[in-house]
Amino acid sequence: MSETKSLLLGCGHDRKKRVALSTNPEWVGRLVTLDMNPRAEPDILWDLEKLPLPFADNEFDVAVCYGLLMSL
(Lines give C-alpha, C1' and ligand atoms only; values in the text may rest on other atoms or scores of the structure.)
Protein backbone atom coordinates (compact mmCIF):
# COMPACT_ATOMS: atom_id res chain seq x y z
CA MET A 1 0.00 0.00 0.00
CA SER A 2 1.34 3.46 -0.86
CA GLU A 3 1.81 6.36 1.53
CA THR A 4 -1.23 8.54 2.27
CA LYS A 5 -0.98 11.99 0.69
CA SER A 6 -3.03 14.87 2.14
CA LEU A 7 -3.56 18.39 0.81
CA LEU A 8 -4.14 21.29 3.22
CA LEU A 9 -5.69 24.22 1.32
CA GLY A 10 -5.23 27.75 2.64
CA CYS A 11 -2.83 26.48 5.27
CA GLY A 12 -1.53 29.82 6.58
CA HIS A 13 1.06 29.25 9.31
CA ASP A 14 -1.00 26.54 11.02
CA ARG A 15 -0.30 22.91 10.11
CA LYS A 16 -2.41 21.36 12.90
CA LYS A 17 -4.89 18.65 12.07
CA ARG A 18 -8.26 19.78 13.41
CA VAL A 19 -10.41 16.73 12.63
CA ALA A 20 -9.19 13.20 13.29
CA LEU A 21 -11.22 10.07 12.63
CA SER A 22 -8.91 8.03 14.84
CA THR A 23 -7.11 8.61 18.10
CA ASN A 24 -4.09 9.99 16.19
CA PRO A 25 -4.34 13.80 15.92
CA GLU A 26 -1.29 13.99 13.60
CA TRP A 27 -1.19 13.85 9.80
CA VAL A 28 -0.45 10.36 8.51
CA GLY A 29 1.79 10.12 5.47
CA ARG A 30 2.79 13.13 3.42
CA LEU A 31 1.17 16.54 3.99
CA VAL A 32 1.27 19.05 1.12
CA THR A 33 0.35 22.65 1.98
CA LEU A 34 -1.04 25.26 -0.40
CA ASP A 35 -1.53 28.98 0.19
CA MET A 36 -1.43 32.17 -1.87
CA ASN A 37 0.56 34.02 0.81
CA PRO A 38 4.32 33.45 0.49
CA ARG A 39 4.80 34.41 4.16
CA ALA A 40 2.92 31.21 5.11
CA GLU A 41 5.75 29.25 3.47
CA PRO A 42 3.48 26.68 1.79
CA ASP A 43 4.77 23.79 -0.27
CA ILE A 44 2.79 25.21 -3.20
CA LEU A 45 2.23 28.92 -3.68
CA TRP A 46 -1.08 29.22 -5.57
CA ASP A 47 -4.20 31.38 -5.80
CA LEU A 48 -7.20 29.03 -5.69
CA GLU A 49 -9.13 31.36 -7.99
CA LYS A 50 -6.68 30.40 -10.74
CA LEU A 51 -7.92 27.28 -12.51
CA PRO A 52 -7.07 24.59 -13.22
CA LEU A 53 -5.35 23.67 -9.98
CA PRO A 54 -1.74 22.48 -10.31
CA PHE A 55 -2.50 18.85 -9.48
CA ALA A 56 -3.29 15.71 -11.39
CA ASP A 57 -6.67 14.05 -10.85
CA ASN A 58 -6.68 11.72 -7.83
CA GLU A 59 -3.26 12.96 -6.66
CA PHE A 60 -4.39 13.22 -3.03
CA ASP A 61 -6.12 10.79 -0.72
CA VAL A 62 -7.46 13.63 1.45
CA ALA A 63 -8.04 17.34 0.78
CA VAL A 64 -8.73 19.58 3.79
CA CYS A 65 -9.72 23.22 4.13
CA TYR A 66 -10.54 24.59 7.57
CA GLY A 67 -11.08 28.28 6.92
CA LEU A 68 -10.88 29.72 3.46
CA LEU A 69 -12.57 32.77 1.99
CA MET A 70 -12.96 33.20 -1.76
CA SER A 71 -14.83 35.68 -3.85
CA LEU A 72 -17.13 34.24 -6.50
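Trainee: Which residue is the bridge partner of Leu8 in strand 2?

Mentor: The partner of Leu8 in strand 2 is Thr33. Please keep in mind that this is a predicted model, in which local features need pLDDT of at least 70 and side-chain atom pairs count only at pLDDT 80 or more, while totals for chains, interfaces and linings use all residues. Residues are numbered from 1 along each chain as its sequence is written, and side-chain values use heavy atoms, with hydrogens and water left out.

Trainee: What makes strand 1 and strand 2 a pair?

Mentor: Strands, numbered from the N terminus, are DSSP runs of E with at least two residues, and two of them pair if DSSP finds at least two bridges between them. Strand 1 and strand 2 have five bridges in the parallel sense, so they meet that definition. Strand 1 and strand 4 also run parallel and are joined by three bridges, with Val62 in strand 4 as the bridge partner of Ser6.

Trainee: Why is Lys5 called buried?

Mentor: Buried means under 20% relative accessible area, exposed means over 50%, and partly exposed lies in between, with a 1.4 Å probe and protein chains only. Lys5, which is found in strand 1, has 18% relative accessibility and therefore counts as buried. Leaving aside neighbours within four places in sequence, Lys5 is in contact (heavy atoms within 4.5 Å) with Arg30, Val32, Glu59, Phe60, Asp61 and Val62.

Trainee: How do you know that strand 1 is mostly covered?

Mentor: Five of the five residues of strand 1 are buried. Lys5, Leu7 and Leu9 point one way from the strand, whereas Ser6 and Leu8 point the other way. In a regular strand the side chains alternate between the two faces of the sheet.

Trainee: What makes the eight residues a nonpolar core?

Mentor: A nonpolar core is a set of buried Ala, Val, Leu, Ile, Met, Phe, Trp, Tyr and Cys residues joined through side-chain atoms within 4.5 Å. The largest one here consists of Leu7, Leu9, Val32, Leu34, Trp46, Leu48, Phe55 and Phe60. Strand 1 (5–9) and strand 2 (30–35) each supply at least two residues of this core.

Trainee: Why are Glu41 and Asn58 called exposed?

Mentor: Glu41 has a relative accessible area of 65%, and is therefore exposed, and Asn58, at 79% relative accessibility, counts as exposed too. Glu41 is placed in the loop between strand 2 and strand 3, with phi near 55°, a positive value in a residue other than glycine.

Notes. Helix = DSSP H or I, 4+ residues; strand = E, 2+ residues; numbered from the N terminus.
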